[in-house]
Amino acid sequence: MATEAFEEIADTFEFLDDWEERYRHVIELGKAMDPLEDAFRVPATKVDGCASQVWILPEIEGEGPGAVFRFRGDSDAMIVRGLIAVLHALYSGLSVAEVLKVDAGGELARLGLNDHLSSQRSNGLRAMVERIRLLAGQTAALG
């Protein structure tokens, strides 16, 4: 299960010949995101387990398993901002119940990210996915 936005990224990656081009594309995706206001760069939104500074701000509409999951995020590292944009494409607009069903590892593997990210970046990406799943799970449980 993947959103249309994520499918577009996957399709683009198929056309890009080498990892350098894909890496640049991820950075461009991050640059296209609106920055997170300083007021939201607080401990409550900070993601632990990332080598760089990462913030994820949930914006969930509704309650229970059918609530629509959206989030905004930011990082002080350009590649990580891009990874946040990829996760945004993967999850935003799904219900919180659907978020919990997404095989993030499998979907991200389609992009070949796992093969080219440092272990620190891979751990950070996993930490971001875990935070998103936690936020969705908390909302789903309230239903």
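Is Arg81 buried or exposed? Arg81 is buried, with a relative accessible area of 12%; buried means under 20% relative accessible area, exposed over 50%, and partly exposed in between, using a 1.4 Å probe and protein chains only.

## Basis of the report

This is a predicted model, in which local features need pLDDT of at least 70 and side-chain atom pairs count only at pLDDT 80 or more, while totals for chains, interfaces and linings use all residues. Residues are numbered from 1 along each chain as its sequence is written, and side-chain values use heavy atoms, with hydrogens and water left out.

## Arg81

Arg81 is found in helix 3. Helices (H or I, at least four residues) and strands (E, at least two) are DSSP runs, numbered from the N terminus. Contact here means heavy atoms within 4.5 Å. Not counting residues up to four places away in sequence, Arg81 touches Gly30, Lys31, Met33, Asp34, Pro35, Asp74 and Ser75.

A polar atom of the Arg81 side chain lies 2.6 Å from the backbone oxygen of Met33. A polar contact is a pair of N or O atoms within 3.5 Å; within protein, one must be able to donate a hydrogen and the other to accept it, and residues adjacent in sequence count only if both atoms are side-chain atoms.

## The nonpolar core

In soluble globular proteins, nonpolar side chains tend to be buried together. A nonpolar core is a set of buried Ala, Val, Leu, Ile, Met, Phe, Trp, Tyr and Cys residues joined through side-chain atoms within 4.5 Å. The largest such core in this model has 43 residues, and those with the most contacts inside it are Phe69, Leu87, Tyr91, Leu111, Leu113 and Met128. Among the elements that give two or more residues to this core are helix 1 (4-15), strand 1 (54-58), helix 3 (78-91) and helix 7 (119-141). Helix 3 supplies the largest share, 10 residues.

Leaving aside neighbours within four places in sequence, the contacts of Phe69 include Tyr91, Leu94, Val99, Ile132 and Leu135.

## Helix 1 against helix 3

Helix 1 and helix 3 pack with their axes 6 Å apart, at an angle of about 130°. That makes helix 1 oblique to helix 3. Axes are lines fitted to C-alpha atoms, for helices over the stretch in contact, and angles run from 0 to 180 degrees between N-to-C directions. Angles under 35 degrees count as roughly parallel, over 145 as roughly antiparallel, 65 to 115 as roughly perpendicular and the rest as oblique. Helix 1 makes the contact through Ala5, Phe6 and Ile9, and helix 3 through Val86, Ala89 and Leu90.

## The two strands

Strand 1 and strand 2 (residues 71-75) run antiparallel and are joined by five bridges; two strands pair if DSSP finds at least two bridges between them. In strand 2, Gly73 is the bridge partner of Ile56, and Ser75 stands opposite Val54. Four of the five residues of strand 1 are buried, so strand 1 is largely enclosed by the rest of the structure. Strand 2 also has four of its five residues buried, so it is largely enclosed by the rest of the structure.

Val54 belongs to strand 1 and is buried, with a relative accessible area of 0%. Its contacts, leaving aside neighbours within four places in sequence, include Val47, Asp74, Ser75, Ile84 and Met128.

## Thr139

Thr139 lies in helix 7 and counts as buried at 12% relative accessibility. The side chain of Thr139 reaches the backbone oxygen of Leu135 at 3.2 Å.
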